[in-house]
Amino acid sequence: MAKRTIVSLPGDGIGRAVLEETIRVLDAAGFEADYIEGDIGWEFWKEEGNPLPQRTIDLLEKHKIGLFGAITSKPKDAAFDELSDSLKEKGLVYSSPIVGLRQHFGLDICMRPCHSYKGNPLNFIRRGKGDDIEEPEVDVVIFRQNTEGLYGGVEWSNPGQQVYDALMTHPKFVSNFGETPKEEVSVSTRIFTKKATSRILKAAFEHAKNFGYKSVTVCEKPNVIRETSGMMYKMAQQMQKADYPDIELWNTNIDAQMMWLTKNPEDYGVIVAGNMFGDIVSDGFAGLIGGLGFACSAQFNPDSGVGVFEPTHGSAPKYADYETSIVNPIAMVESACMMLDFIDEKEKATKIRKAVAEVISEGKVRTYDMMKMRGKADVVENGAASTTEMADAIIAKL
Ligand code: IPM
Ligand code: MN
């Protein structure tokens, strides 16, 4: 078989460190590929006024598979301040390149597994009966709709007259906001389409069916957000009845789900949500299994076969300049395993996951987060494994 080309997208901050170590792990597992680096991130915003240059889009268009490190995102005004002086007059507005990639390639299916590793000192524990301490096993996969909803980008401050007039046709707008001067109104829309909603629901049900999960939970807020959340839940009911009668359909509200997170996380299997609530609930569950050092994700378009695989942690700029990188590469390694699953290299993915599980349960090599240290340059002197040492430990198990 021809060697694959993977577009490596280190992005900002610690992205490069975790990505480079992950590629070493992939090599050691026998995955043969060429890696071409794509430019993306803050540096390209500052220098070119575009954090997602067209040449990077072209690369992904051609090779289809991206391994993504991390990205720095800042609000509009802060982003403008850092733009190089010669670009300041051009009226450029910063927008997140990862959101841009999702939208450009229609990477509408986002999958975020959160499962606890045995022996991970960061696993959530809770008080049981009497003095019992319980460590519930979390095995949840979140399916987040990745292109629509509050991330659709359809928003205004001081909307134009036509938009304002349209809003004024809605009785609720008139009664709740009709008295407010137009200049004082900001609007961010939350648009759901049947097509995308059906695709994310189907992906969730299929996953539950193929991997033996007994339930799919729609985590939205249909009691208040009647049109969008309501549509998603109704479509889930129809789909479950027609095609997945053996899988239970549960329905939670995002707020209550966050409250129940620590009460009974072991009860949940597959969770499906719109874009924003999927973002929230996936961070919530990630917190139970070790936090961002363990949170991986896949985002893909099943039709075109384009997929971008990334840890969901940020770029942690404060750690990026350390001479020895201290951050935990496991989330990135796990994201690469999701990439291997996606391109039908499942055996290699399984091998790597097993190696990671062994390193964690053995407990000899632990990054600073796993040792509950504060992230500082001296953690390695004090016994924490560096990013490289953690990758070495995984490689040794391979
Ligand atoms: C994520 C991140 C992104 C998001 C940010 C970086 C734009 O939080 O992937 O979960 O909000 O989707
Ligand atoms: Mn997030």
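Here is what follows: some ground rules, then the cores, then the ligand site.

This is a predicted model, where local features need pLDDT of at least 70, side-chain atom pairs count only at pLDDT 80 or more, and totals for chains, interfaces and linings use all residues. Residues are numbered from 1 along each chain as its sequence is written, chains are lettered from A and ligands numbered from 1 in the order written, and side-chain values use heavy atoms, without hydrogens or water.

First, the interior. A nonpolar core is a set of buried Ala, Val, Leu, Ile, Met, Phe, Trp, Tyr and Cys residues joined through side-chain atoms within 4.5 Å; buried means under 20% relative accessible area, with a 1.4 Å probe and protein chains only. The largest such core has 88 residues, and Leu67, Phe143 and Ile352 are among those with the most contacts inside it. Domain 1 (1-106 + 303-398) and domain 2 (124-151 + 192-288) both contribute residues, so this core lies between them; the bounds come from an automatic or database domain assignment. A separate second core, of 16 residues, includes Ile40, Ile98, Phe105 and Val308.

Now the ligand. Which residues are around ligand 1? They are Ser96, Val99, Arg102, Arg112, Arg144, Tyr151 and Asp279, each with a heavy atom within 4 Å. Polar side-chain atoms of two of them lie by ligand oxygens: Arg144 at 2.9 Å and Tyr151 at 2.6 Å. For Asp279, a side-chain N or O atom is 2.8 Å from an oxygen of ligand 1.

Key
Buried < 20%, exposed > 50% of the residue type's maximum accessible area, 1.4 Å probe, protein only. Polar contact = N/O pair within 3.5 Å; in protein donor to acceptor, adjacent residues only side chain to side chain.
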